[in-house]
Amino acid sequence: LLFFDQAGCVGCHAVSGESNEMFSDFQQHVIGVPQIAPAVTNSVFDGAGSNEDFGLEQVTGNPDDRYMFRTSPLRNMAVQASFFHNGSFTSIEGAVRHHLDVFASARAYSPDQLDEDLGGPLGPIEPVLARVDPLLAEPIELNDDEIEQIVVFLRDALLDPRARPENLMKLIPSEVRSGRPVMVFEEPAAVASEDPD
């Protein structure tokens, strides 16, 4: 009920029409995600300091699309290692709390929880916040219990038990017909240690 009403999540994480119950409107929004410019990367960053990600503008060339990113579907979030287009948050709760007050969250953000190779300098946040979607312009008031209820809904109710790492890791072949090396995938320790019950 919180997801569909008081918290306003369904405003972007839609479950009707073209979303086909994927919990995404598949539209582009600016939600104040902190600008991370990793110290080691093969990506080209935007802006005067080469420390910004202009998002959809990189594709369209339209400055009105700056900092816009597509709403992510929410199915199987429990097996994700990080959240948002750049992985700036590493927990479902952190991602939820960011949505509740994007201005306070973005201004207080620190990349300390990220792996060292992702923890480069932060890009400017005020230009991002100047374009925040009107749906997130005002803080959303929820208490800790209500936040936990949303986290449990996202983590548990939207998880297909077949999508757990222990099931998916079994599908990785030990060898391929071409004889080329098989990619190595790391199972997130936090996900692997969670008890699905």
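# A tour of aromatic pairs, pocket and cavity

The structure holds seven aromatic pairs, a pair being two rings of Phe, Tyr or Trp (its six-membered ring) with centres within 6.5 Å. This is a predicted model, in which local features need pLDDT of at least 70 and side-chain atom pairs count only at pLDDT 80 or more, while totals for chains, interfaces and linings use all residues. Residues are numbered from 1 along each chain as its sequence is written, and side-chain values use heavy atoms, with hydrogens and water left out.

**First stop: Phe3 and Phe153.** Select these two rings: their centres are 5.3 Å apart and their planes stand at 55°, so the pair is tilted (planes under 30 degrees apart count as stacked, over 60 as edge-to-face, the rest as tilted). Phe3 lies in the segment before strand S1 (28-29) and Phe153 in helix H5, so the pair ties together parts that are 150 residues apart in sequence. Helices (H or I, at least four residues) and strands (E, at least two) are DSSP runs numbered from the N terminus. Phe3 is buried at 4% relative accessibility, whereas Phe153 is partly exposed at 24%; buried means under 20% relative accessible area, exposed over 50% and partly exposed in between, with a 1.4 Å probe and protein chains only.

**Second stop: Phe89 and Tyr109.** Phe89 is buried, with 9% relative accessibility, and Tyr109 is buried as well, with 11%. The ring centres of Phe89 and Tyr109 are 5.2 Å apart with planes at 55°, so this pair is tilted. The pair links distant parts of the chain, 20 residues apart: Phe89 belongs to the loop between S2 and H2, and Tyr109 to the loop between helix H3 (102-108) and helix H4 (126-129).

Select His13, Ile31, Leu74, Phe84 and His99, which lie nearest the centre of the largest pocket among its 32 lining residues. Strand S2 (69-70), helix H2 (92-100) and helix H5 (144-157) each give two or more residues to this lining, and H2 gives the most, with five. The volume of the pocket is about 620 Å³. Its lining divides into 21 nonpolar, 10 polar and one charged residue. Ala, Val, Leu, Ile, Met, Phe, Trp, Tyr, Cys and Pro count as nonpolar, Asp, Glu, Lys and Arg as charged, and the others, Gly among them, as polar.

On a 1 Å grid over the protein atoms alone, a cavity is a set of points where a 1.4 Å probe fits but cannot get out, and a pocket is an open set with protein on both sides within 12 Å along at least five of seven lines; lining residues have an atom within 4 Å of a point. Grid points are joined across faces, edges and corners, and a volume is the space filled by probe spheres set on the points. One cavity of 30 Å³ or more is found in the whole structure, and the largest cavity holds about 40 Å³. Select Val30, Ile31, Gly32, Val33, Gln35, Tyr67, Phe69, His85 and Val128 to display its lining.

**Last stop: Asn51.** Asn51 is in the loop between S1 and helix H1 (57-60) and is buried at 17% relative accessibility. Its contacts (heavy atoms within 4.5 Å), not counting residues up to four places away in sequence, include Gln35, Phe45 and Leu122.
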